[in-house]
Amino acid sequence: MIAQQILNGLITGSVYALFALGFTLVFSVNRVLNLAHGAVFMSAALLSYYLVMIGTPFVIAAAVATVVAGGISMVVEFVALRRLRRFSPHVMEFAALVTTLGADIVLVSLAHKLTAAQTVRFPFGTFPNQFFFLFGLRISLLQIIIVLSVACMLSFLVFYLYRTSAGLRLRAVASSDRASLLLGINPNAVYAQTFFISGIMAGIAGVLIALSFNSINAHMGESYMLKTFVIIVLGGLGSVPGCVLAALFFGVAQTLCVAYLPPGSADIILYALLFGMLLVRPAGLMGNAANISVVGRNA
């Protein structure tokens, strides 16, 4: 039933949106591509698994893993990026790709050692396997939790960005870190804050994906990073609304392709759409070629 597949795609797309928004938020404020984002995503999933295995209730394990993911993201910012800000933007942008890639390799290698290069899974019964029917569509309790979690996090992000003084400082730094210094704002504190929120979002996405597919391995973040690049290019690099719309579209399109087309055709079609979008509208659906920092421009 196509309606069921669309529902499944929207739920999958909502998790993609959560993961991609953390990546987009960092780019909007820091002007760098954080290639360690996928490793933070994986770290949260793996930590939640180990906490569950030692007897920690899943809700507590998920909360702890998410907060730790935020902390790991802050460490990445401090170790891999903070010292680079003394250089010119062009030098920093390239150097940040190298340093964040290095951070990603370190985290993945550590996870590789911990898991002995094996895929690990949550024990049976970690989360209730319940289903409900609404308007003829089947939806699981886990899918409901996913939608509620993503909705709450997106609502928090919008409130934080546009209704709090901390969000105002963040948008000021996104517009101009030098001008924000004249206003008494500490850009380094804002950068750390941004990475913490980004890590939280990656952590939530990691735990939800791990629970949905019950499959956790050291390289699980890599495929989602590829999907994220497609999403943020389709939506417009730096555009928060574009990122959400593109993620939902990507989730639905991927689900429909997998359900109704021959195996392996989904990636071909989705990346062909990406290629077509870049030819027609290089800035993406809601991007602006002149200024891609939407977070800052909406101040």
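**Reading a predicted model, feature by feature**

Tutor: Let's start with the second largest pocket: sorted by class, its lining holds nine nonpolar, five polar and seven charged residues. Ala, Val, Leu, Ile, Met, Phe, Trp, Tyr, Cys and Pro count as nonpolar, Asp, Glu, Lys and Arg as charged, and the rest, including Gly, as polar.

Student: What am I looking at, and how are residues numbered?

Tutor: This is a predicted model, where local features need pLDDT of at least 70 and side-chain atom pairs pLDDT 80 or more, while totals for chains, interfaces and linings use all residues. Numbering runs from 1 along each chain as its sequence is written, and side-chain values use heavy atoms, with hydrogens and water left out.

Student: How do I read a pocket, and which residues lie nearest the centre of the second largest pocket?

Tutor: On a 1 Å grid over the protein atoms alone, a pocket is an open set of points with protein on both sides within 12 Å along at least five of seven lines, where a 1.4 Å probe fits; lining residues have an atom within 4 Å of a point. Here, 21 residues line the second largest pocket, and Arg85, Pro89, Met92, Asp177 and Tyr191 lie nearest its centre. Helix 1, helix 4 (89–115), helix 6 (165–175), helix 7 (177–182) and helix 8 each give two or more residues to that lining. Its volume is about 470 Å³, meaning the space filled by probe spheres set on points joined across faces, edges and corners.

Student: And what is the volume of the largest pocket?

Tutor: About 750 Å³. Its lining has 30 residues, and Leu142, Leu211, Ser212, Phe213 and Asn214 lie nearest the centre. Two or more lining residues come from each of helix 1 (2–30), helix 5 (141–163), helix 8 (187–213), helix 9 (220–235) and helix 10 (240–260). Helix 1 gives the largest share, five residues. By class, this lining splits into 17 nonpolar, twelve polar and one charged.

Student: How many helices and strands does the chain have?

Tutor: We take them as DSSP runs numbered from the N terminus: helices are H or I, at least four residues, and strands are E, at least two. The protein chain has twelve helices and two strands. Along the sequence, the order is α-α-α-α-β-β-α-α-α-α-α-α-α-α.

Student: What about charged pairs?

Tutor: Side chains of opposite charge can pair when their charged atoms come close. We call it a salt bridge when a side-chain nitrogen of Lys or Arg is within 4 Å of a carboxyl oxygen of Asp or Glu. That rule gives two salt bridges here. Glu77 pairs with Arg82 at 2.9 Å, N to O, and also with Arg85 at 2.7 Å, N to O.

Student: Is Glu77 buried or exposed?

Tutor: Buried, at 0% relative accessibility; the cut-offs are under 20% for buried, over 50% for exposed and partly exposed in between (1.4 Å probe, protein chains only). Arg82, at 24%, is partly exposed, whereas Arg85 is buried like Glu77. Through shared partners, Glu77, Arg82 and Arg85 form one network. Across the chain, 49% of the 299 residues are buried.

Student: How many disulfides are there?

Tutor: Zero, searching the whole structure for cysteine sulfur pairs within 2.5 Å. For Cys152, the nearest cysteine sulfur, that of Cys243, is 18 Å away. Cys152 is exposed, at 54% relative accessible area, while Cys257 is buried, at 9%.
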